[in-house]
Number of protein chains: 2
Amino acid sequence: MGILPPPSTSPSADIMVHKALYLKDIFSQGYVDTLAWIHDVRSSNECVILVLRDSSDVVEVKICSEKWLPVLKNLTRESLVRIKGFIKSDHVLEPELVDIVIRAPPTIPIDVRSPLPDDVKTFTRYSYLVIRSPKYSKVFKVQQWIMYYSREFLLSRGFVELLPPMIGPCSDPGLRGARKLQTRLYGHLYELMSSVIMFKQASVAALEKVFFMARNVREEPPENLHTGRHLCEFTQLDLEWAFATMDDVMKLAEDLIVYVMTKVKERCKDIIEELNPYYKVPRTPFRRLRYVEAVEELKKLGVETPEGKEFTQEGERALSQLYEEPIWITHYPVISRGFYYLPDPEDPRFNRDFNLLLPRGFGEVIDGGEREYRAPEIRKRIEALGEPIEKYTWFLELAEIGIPPSAGFGLGIERFTRYVLNLKYIWEAAPFPKVPGVVPSP
Amino acid sequence: MGILPPPSTSPSADIMVHKALYLKDIFSQGYVDTLAWIHDVRSSNECVILVLRDSSDVVEVKICSEKWLPVLKNLTRESLVRIKGFIKSDHVLEPELVDIVIRAPPTIPIDVRSPLPDDVKTFTRYSYLVIRSPKYSKVFKVQQWIMYYSREFLLSRGFVELLPPMIGPCSDPGLRGARKLQTRLYGHLYELMSSVIMFKQASVAALEKVFFMARNVREEPPENLHTGRHLCEFTQLDLEWAFATMDDVMKLAEDLIVYVMTKVKERCKDIIEELNPYYKVPRTPFRRLRYVEAVEELKKLGVETPEGKEFTQEGERALSQLYEEPIWITHYPVISRGFYYLPDPEDPRFNRDFNLLLPRGFGEVIDGGEREYRAPEIRKRIEALGEPIEKYTWFLELAEIGIPPSAGFGLGIERFTRYVLNLKYIWEAAPFPKVPGVVPSP
């Protein structure tokens, strides 16, 4: 690449101003001197109404001075302007300067003011514009606090956060219908992390209490698009605790959820009030139902569960709608679940495992249990997968040396965000969502 | 998979005890009742010396009671024991119970007591055991606090942390010799993130100040193994700020480093004192050198820099060894750098960009600058790559609609950790390191 021509304007001098004033403050300050996006523009009698947007707010100002009207009438939405002037009564702005830094084209692919999540293909295809909508800016501000307070809570309980691997010779094979993604590094086949379960079991031998904020990728069956709660790329707060029982980690999960929801409610009060009228910090302990009891409950509602299988999507939704608070389902049939759970010594047809279902139809947010740690059992299970066993070499070696018994869970960050903000679809809770069956999206 | 036989022992009853006592407290408490790993075992006269390890400490106890000697003499390192008893004077333990929960094989592939990072192939191949060594447990405890305080600082400055994508239709092409990894999702070609630069530029149009704690993968040239500071999988604190200048983000980076190093020193005092005698919170502002000045400095040392190129590994190391404090190198030649930097309007042969070099040979930890945001320039640069242009469709669309001018940087978390803890090699600062040219490793 050769030397580029000098920029037509000098951005450092002209555009890259240190932005000290944000839109949220212009009415209390009485003046504007900032950079903002044209969220909307319309005429009103002899004036122009500008709806301005920046990262702090969306505000409406009215400009009536003749000098600026020709410039303003041709403004397109999503243009970027530098604007200076004084605010008079009734949101009237008297400009000193209106400089169009970026002129957006007259039509853009989606309506940034309120992109439609029902049209999932357009929504995900143009996620790079969706993020500009005021609603989704707020979602991501809340999401960061969910992560921040989760970490604050877990660090206070002695957990260590580890950097999550992105690829490995093998990843979690227990995906129930989803497919793992592959890549090559120096010609060697690697898998993209579908979950970091094996790395968790390796780490607890050292640090005892660990978690990863792990990105996972899975090629979900395309029909899972219609559940509204499956992403192909998602984040798990993936936690493991050596020597703990399922009761220990269930209690920990309850405390985590209560802590985060209490803190987020304080920190993001206005957004919560705007987006989620149902927001309620749940009471602990959460109700528990064994799998077999839940199957009975569903039968009463006329919903059948296939023998020894996990609940159908319909069944899970029905269960989730029965309750006003999160509910634990425990002791799933061994034959319904993958790979790494420990059968219950008291009745080995069932695991010592659990899911947490969120109420009002939001469904599963946590999946966890006690882990199989005995080398012969791990080997048997891996052999039964029918995958090339060499992929699992390191984990089998580790099992022979010794994996401590442990319990843990994965909490879906996007699912939890969706619940906290009462979003209709999971893809509204991910900044650049990749959804089942839809490619390519950024 | 069928129903498994019941476990031979009931782990919930026997092993999964709620571990309330940690080794660090046994001498002040006067008793032991815990689970611990056999870090070492040796005989001494009629007694056995056990070096016990858990996540809190490594401690030595002496057991002389005849009843337990036959059991203890055959203990293997990395076995897991449940141990109960009273501590007498001089670290003598009188056991009530010594139960071998896991008996490790007599030989294991590395010496967990102090794995040798010089033997990088063994070190990375057995990273699942390396993590057990007391030194590396400490490294990862410090690393989590580096990340925690980085977030605390950036959130206090109004930055929003976004979930990082793992794959996309395109990733950063400006890799200087490294290769991007590919995968397929529903048959469509995707790239694993080599950096999230394009996603940062998309996000600042909405949130203005953003960062990602992004995992990146790059197939580095195998010879980069010998720099001791390249990983194939690594973490960038990848930050972007709309409308900011390079001076703004350089100042921000200085404040971030000082904040984190001050806090980490308080929080991890003992570990820092043990591992890094050179630990010093740097003074701000950091010294700045233009690229052309640095080339002159190197010449004086007899180190040549190829015309218009970045410094050689030798040159960077020499520069880094010249100074006692971190040093900025600014205004690299446009032709030496990839893709996304903005040429300096005052002299367009050079970018408005920068690297931060850590002193004492640690080298580059930050890479950043002001960004090219003008659609025609972005298009020209992408066309010049010689890659299929369709991969970049979404980013070119976005450029036509409008990308705001911005500045930002990526800070290598593992490199920063290496510096903070004075580690010889970068792979000592990553929990499951993947290094240039070495496959497979977990």
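Is A:Asp90 buried or exposed? A:Asp90 is exposed, with a relative accessible area of 62%. Here buried means under 20% relative accessible area, exposed means over 50%, and partly exposed lies in between (1.4 Å probe, protein chains only).

The model is predicted: local features need pLDDT of at least 70, side-chain atom pairs count only at pLDDT 80 or more, and totals for chains, interfaces and linings use all residues. Residues are numbered from 1 along each chain as its sequence is written, chains are lettered from A and ligands numbered from 1 in the order in which they are written, and side-chain values use heavy atoms, with hydrogens and water left out.

Chain A comes first. Its secondary structure comprises 14 helices and 18 strands. Both are DSSP runs numbered from the N terminus, with helices (H or I) of at least four residues and strands (E) of at least two. Along the principal axes, the C-alpha atoms of chain A fill a box of roughly 85 × 60 × 40 Å. Of the 442 residues in chain A, 65% are buried. Contacts (heavy atoms within 4.5 Å) were also sorted by sequence distance. Among those in chain A between residues at least 6 apart in sequence, 65% join residues at least 24 apart.

The accessible surface of chain A is about 16100 Å². Carbon and sulfur atoms account for 49% of that surface. Accessible areas come from the Shrake-Rupley method with a 1.4 Å probe, and for residues only the protein chains shown count as cover. Chain A carries 58 positive and 62 negative charges, whose mean positions are 3 Å apart. Lys and Arg count as positive and Asp and Glu as negative, while His and the chain ends are not counted. Each charge is placed at NZ of Lys, CZ of Arg, CG of Asp or CD of Glu.

The interface with chain B follows. It brings 133 residues of chain A into contact with 133 residues of chain B. About 11200 Å² is buried between the two chains, and carbon and sulfur atoms give 68% of this area. Buried area is the accessible area (1.4 Å probe) that two parts lose on being put together, summed over both. In chain A, A:Leu163, A:Met166 and A:Tyr186 lose the most area to chain B, together 8% of what that side buries. The rule finds 4 salt bridges across the interface of chain A and chain B. A salt bridge is a side-chain nitrogen of Lys or Arg within 4 Å of a carboxyl oxygen of Asp or Glu. B:Arg151 and A:Glu161 meet in a salt bridge, at 3.8 Å from N to O.

Over all chains, the whole structure holds 88 salt bridges. A:Asp118 pairs with A:Lys424 at 3.2 Å, N to O. A:Asp118 lies in the loop between strand E5 (93-102) and helix H4 (120-125) of chain A, and A:Lys424 in the segment after helix H14 (413-420), so the pair ties together parts that are 306 residues apart in sequence. A:Asp118 is exposed, at 51% relative accessible area.

A:Lys200 bridges to A:Asp238, with the closest N and O atoms 2.6 Å apart. This pair links helix H7 (residues 197-207) to strand E11 (residues 233-242) of chain A, across 38 residues.

A:Glu325 lies in the loop between helix H11 (313-322) and strand E13 (327-330) of chain A, and A:Lys280 in the loop between helix H9 (269-275) and strand E12 (287-290), so parts 45 residues apart in sequence are tied together. A:Glu325 is buried at 16%, whereas A:Lys280 is partly exposed at 42%. Salt bridges that share partners join A:Asp40, A:Arg77, A:Asp111 and A:Arg113 into one network.

Backbone geometry comes last. Most residues other than glycine have a negative phi, and most peptide bonds are trans. The bond from A:Thr284 to A:Pro285 is cis, with omega near -10 degrees. A:Pro285 lies in the loop between H9 and E12 of chain A. The bond from A:Val439 to A:Pro440 is cis, with omega near -15 degrees. A:Pro440 is in the segment after H14 of chain A.

A:Asp90 is not a glycine, yet has a positive phi of about 60 degrees. A:Asp90 sits in the loop between strand E4 (80-87) and E5 of chain A. B:Phe243, also not a glycine, has a positive phi of about 70 degrees. B:Phe243 is in the loop between strand E11 (233-242) and helix H8 (246-267) of chain B. At 1% relative accessibility, B:Phe243 is buried.
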